[in-house]
Structures are given as structure tokens and as C-alpha cells.
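Please read it alongside the sequence and the model.

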Amino acid sequence: MGKERKAHGAHCLVLSFPAQGHINPLLQFSKRLEHKGVKVTFVTTRFITNSINKESSSSTINIEAISDGFDQGGMAAAESHEAYLERFWQVGPETLAQLLDKLDNSGNPVDCVVYDSFMPWALDIAKKFGLIGAVFLSQSNAVNNIYYHVHQGKLKLPLSNTQLLLPGLPPLAPHDMPTFLYAFGTNPAFRNVLVDQFSNIKRADWVLCNTFYDLEPEVTDWLMKILPAVRTIGPTIPSMFLDKQLEDDKCYGFSIFKTEKEACIKWLDDKPNGSVVYVSFGSVAVLDSEQMEEIAFGLRNSGSYFIWVVRASEEEKLPKDFLNASNEKGLVVTWSPQLQVLAHEAVGCFMTHCGWNSTIEALSLGVPAIAVPHMSDQSTNAKFIMDVWEMGIIASVDEKGIVRQQAIENCIRELLESDRGKEIKRNANKWKTLTLDALDEGGSSNKILKSLSPSWFILFL
Ligand code: UDX
């Protein structure tokens with residue numbers, strides 16, 4: 001099979017788990033590959049490809065779908081997370097194989113499958129077809145290290161209440177660990193997915209990590225000893241946002257949500273530089289009403305301008321009249337063009353749940369963060385934001401786990417008005433420069449990507 005394929009240009013199938021926080025980096029990675037001369041077919045579930053917000057889809061990349069068994073409603077149509085994953089894990093491999101056959105029969109054979117680490121079964125299918133299999137890990141290498149230790153049985157669950165010392169990482173307190181491990185019993189289905197990312201990883205031809213070497217040198221060195229196929233290729237953020245040379249629309253992939261792009265950019269355009277707090281908790285976090293109220297009042301009391309992303313499903317939790325009362329100072333939208341917002345000069349800081357994409361986007365664009373972690377890997381990312389990269393602060397929580405309005409107001413004032421805030425901004429800018437270095441010609445991530453371009457395929461076929 002390999003020999004026949006040599007005659008064609010390199011063709012890579014990129015498979016994403018059906019969640020915005022996975023689609024974004026994998027789609028951005030696809031565009032990078034395409035830019036390096038590789039033909040890409042981007043694949044996620046049928047429900048997602050059917051519900052993509054077409055306005056935001058300016059991609060030239062070929063898009064195909066597999067089934068998760070819930071073509072009409074996706075994960076929300078399943079009885080539980082367990083039921084969803086069980087069905088997906090049955091139907092997904094079968095439909096991926098059918099898709100590979102279809103592409104083969106239509107004269108468009110695939111040479112390599114880059115698959116989301118949440119779906120390790122994709123490697124078995126790739127190998128069955130005699131293809132290169134490259135796994136894409138969409139969390140930080142610090143978090144990869146933690147899940148790897150759990151997978152190896154070297155970290156026993158539930159985690160004990162003591163500080164943890166892992167190779168290449170600073171000491172981690174229990175509250176710095178990913179929540180699915182610490183709060184044993186919460187969401188076992190997803191905890192298994194996170195741990196299973198490492199089940200067959202040693203058989204993957206490449207292990208692609210959405211981070212860059214200078215950001216996580218010690219832990220990357222350690223990981224490369226354990227998994228020699230590790231390559232840091234991140235951040236996947238379109239370089240055009242960083243150098244602003246290309247049309248912004250071209251870099252946006254597709255969004256499950258309707259993006260209020262013009263409203264955001266127009267609103268930001270007449271605000272003073274560094275004056276706006278951008279607030280977003282990503283695509284999945286569900287905050288309780290009490291927390292939403294505290295954020296609302298904290299923002300209002302700070303007297304700062306703000307843009308707050310409140311997904312449609314969360315809107316009813318906003319305090320009554322908040323939208324009207326905050327008209328002059330704030331804009332509430334259901335989804336923003338986040339990279340463009342973060343790249344806007346008016347933005348002074350980012351109140352974030354610390355999803356890995358938001359974290360690395362803030363860092364790459366030099367925007368100081370107010371960390372309000374919610375679940376999963378977010379507490380680990382928050383720890384690094386404040387104590388390792390020193391490009392943000394963690395908002396304190398009370399005994400109920402709520403960030404109170406006073407804490408929010410204090411964090412905003414600290415970042416936008418204090419000397420420490422200026423220091424943090426300088427650090428954030430330093431990370432922006434280091435990101436550009438990594439992505440630049442000759443930079444660490446760029447060099448690796450180049451080595452993954454067509455010659456890479458010839459090497460293996
Ligand atoms: C999920 C998990 O929650 C997170 O912990 C994990 O690290 C990745 O997967 P999510 O919660 O959606 O992701 O957060 P994040 O990783 O930050 O990804 C959100 C993506 O949506 C980012 O790329 C961000 O730029 C984009 N976004 C977010 C928008 O484009 N507009 C918005 O209004 C909000």
C-alpha cells in the first residue's frame with residue numbers, strides 16, 4: 001500500500017474530538033500543514049460538521065465526517081457521558097475505516113492520520129490501513145506528564161492530600177492537579193478518556209504536543225526520554241494573528257457558536273489601549289448563578305471596560321438588568337472572535353477559566369491573565385500562569401469555592417493599575433516574543449513542522 005501512495009502528494013487526515021477546544025487547535029494545525037504543502041482532510045463528527053456556523057467557516061480545507069452514533073444531537077442527545085462515549089467508541093472506528101476506504105476509492109488516498117489523543121482507537125485503524133499515525137495531544141506537557149503517571153499506575157487515585165513531586169515539574173499542591181483526578185468520582189467517563197490517551201501512545205509514529213520548547217523545557221525533556229516520538233509544534237495559533245500580515249478571516253476555522261465578530265471589534269476600536277477586561281470561560285464551563293452574579297458585580301465595581309462572553313445557555317444566570325445597566329462600560333456577547341479580541345490593543349487583561357487554548361492564546365498574544373479555573377486541567381494551567389510563567393494572577397476563592405466580587409475587583413485593579421500589573425505585562429510580552437521566536441523560520445516549533453512536511457512522508461512510506 002505504501003509504495004502506491006508515493007506517487008501522490010502527501011495527504012493527511014486530521015481527526016478531532018467533537019469539542020470546540022479540540023477543533024480549534026487541530027484545525028489551526030491543519031492550516032499550518034497545508035501551508036507547508038500537505039493536503040489535509042479535516043474530520044470530526046457528523047453532528048458537528050452539520051452544525052458548524054457557516055459564516056465563520058472560510059476554510060479551504062476539505063472537511064469530512066465520521067459518526068459518533070448521535071448524528072442528530074451529538075453529546076447532548078446521549079443519556080450520559082458514559083453512554084455517549086460507549087456508542088462513539090463503537091461507531092467511530094467503523095466509520096473512520098469507511099471514510100479511509102472512500103478516500104482511497106476516489107483516488108484521494110491518505111498517507112497519514114493525525115488523531116486527537118482522546119481517540120486512541122484511531123491509531124489502530126491507521127495501522128490497519130498501513131498509514132502513519134501521529135497523535136496530537138491538546139493539553140500542556142505538564143498535564144501530559146500527570147496523566148501519563150496515572151496511566152502507568154505511578155500516581156494512585158484518588159490522589160492523596162499531599163504535595164506531589166513529578167519529574168520536570170514544580171511541586172504541585174492537590175489544588176493544582178487536574179480536577180478529574182483530585183475529585184475522585186467526578187466524571188469517571190472523561191477521567192478514563194484522559195488517562196487512556198496514553199494507552200497505545202508508544203506505537204504512534206509521532207507524538208505532537210501543542211506547546212513549545214521554551215515554555216516547558218524541563219518537562220518536555222523528560223517526556224522525550226519516555227516517548228522519543230514527542231515533538232512540540234505549538235502553539236497552533238495562526239501565525240497571521242501574530243504578525244498581522246494576512247487577512248484575519250482566513251485564520252478562523254469554524255465555530256459551533258455564532259461569533260459576534262463585528263460587534264466586538266467595533267466596540268473595542270474606540271476604547272483606550274490596555275483598558276478593557278476580556279472575560280471568557282470557554283466552550284463548556286457551566287458556572288452557577290451565584291458565581292455569575294459575583295463576576296457581574298466585580299466587573300461593574302471595578303469601573304473598567306469589559307467584554308464578557310456569556311454563552312446563550314448561560315445568559316439567564318446574569319443578574320436582572322445587568323445588561324442594561326452595564327451598557328456604557330460593558331459588552332456581553334454569546335461568542336467572540338477570541339484571537340482577534342486578545343490581539344486588540346484595547347484589551348488590558350483576560351479573565352479566563354484557563355482552558356489550555358485560552359491559556360496559550362493569552363500567553364502568545366502577551367495578554368496578562370486573571371485565572372479563574374473551573375475544572376479539568378485548568379487548575380494546573382492556572383498554577384503555571386501565576387507561578388511559573390508569571391504572566392497572571394489566580395483569583396482567590398472563598399470556602400464555598402466561589403470567587404467573590406471583591407476578589408475580582410482587586411485582581412482587575414492589580415493587573416490594570418498597579419506596579420505588579422506592569423511587571424506581569426512585561427512578562428506576558430516576553431512570552432509573546434518567545435512564541436514568535438518558536439514559530440519563526442528557524443524557531444523550534446517551525447523547524448519541527450518543516451520536518452513533518454512531505455519529506456517526512458517519503459521517509460516512512
Ligand atoms: C476544553 C477544556 O475545558 C479545557 O480545559 C482543555 O484544556 C481544552 O478543552 P474549553 O473549555 O472550550 O476547552 O477552553 P479552551 O481550551 O480555552 O478553548 C476554547 C477555544 O474557543 C479557544 O480556542 C478560544 O479562542 C475559543 N473561543 C472561546 C472563541 O473563539 N470565542 C469565545 O468567545 C470563547
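The model is predicted: local features need pLDDT of at least 70, side-chain atom pairs count only at pLDDT 80 or more, and totals for chains, interfaces and linings use all residues. Residues are numbered from 1 along each chain as its sequence is written, and side-chain values use heavy atoms, without hydrogens and water.

**Ligand site**

The ligand is surrounded by 21 residues (a heavy atom within 4 Å). Ser283, Ser336, Ser358, Glu361 and Asp377 are the closest. The table lists polar contacts, meaning pairs of N or O atoms within 3.5 Å.

| Side chain | Distance to a ligand oxygen atom |
|---|---|
| His353 | 2.9 Å |
| Glu361 | 2.6 Å |
| Gln378 | 3.0 Å |

The ligand alone exposes 660 Å², and the protein buries 95% of that (Shrake-Rupley method, 1.4 Å probe). Two or more shell residues come from each of α2 (20-35), β8 (276-280) and α16 (356-364); helices are DSSP runs of H or I with at least four residues, strands runs of E with at least two. The largest share, four residues, belongs to α16. By class, the shell has six nonpolar, 13 polar and two charged residues.

**Helices α18 and α19**

The axes of α18 (residues 405-417) and α19 (residues 419-439) come within 5 Å and cross at roughly 70°. α18 is therefore roughly perpendicular to α19 (65 to 115 degrees). In contact (heavy atoms within 4.5 Å) are Glu414, Leu415 and Glu417 of α18 with Asp419, Arg420, Gly421, Lys422 and Ile424 of α19. This contact has two nonpolar, one polar and five charged residues.

Conventions:
A polar contact is a pair of N or O atoms within 3.5 Å; within protein, one must be able to donate a hydrogen and the other to accept it, and residues adjacent in sequence count only if both atoms are side-chain atoms. Ala, Val, Leu, Ile, Met, Phe, Trp, Tyr, Cys and Pro count as nonpolar, Asp, Glu, Lys and Arg as charged, and the others, Gly among them, as polar. Axes are lines fitted to C-alpha atoms, for helices over the stretch in contact, and angles run from 0 to 180 degrees between N-to-C directions. Angles under 35 degrees count as roughly parallel, over 145 as roughly antiparallel, 65 to 115 as roughly perpendicular and the rest as oblique.
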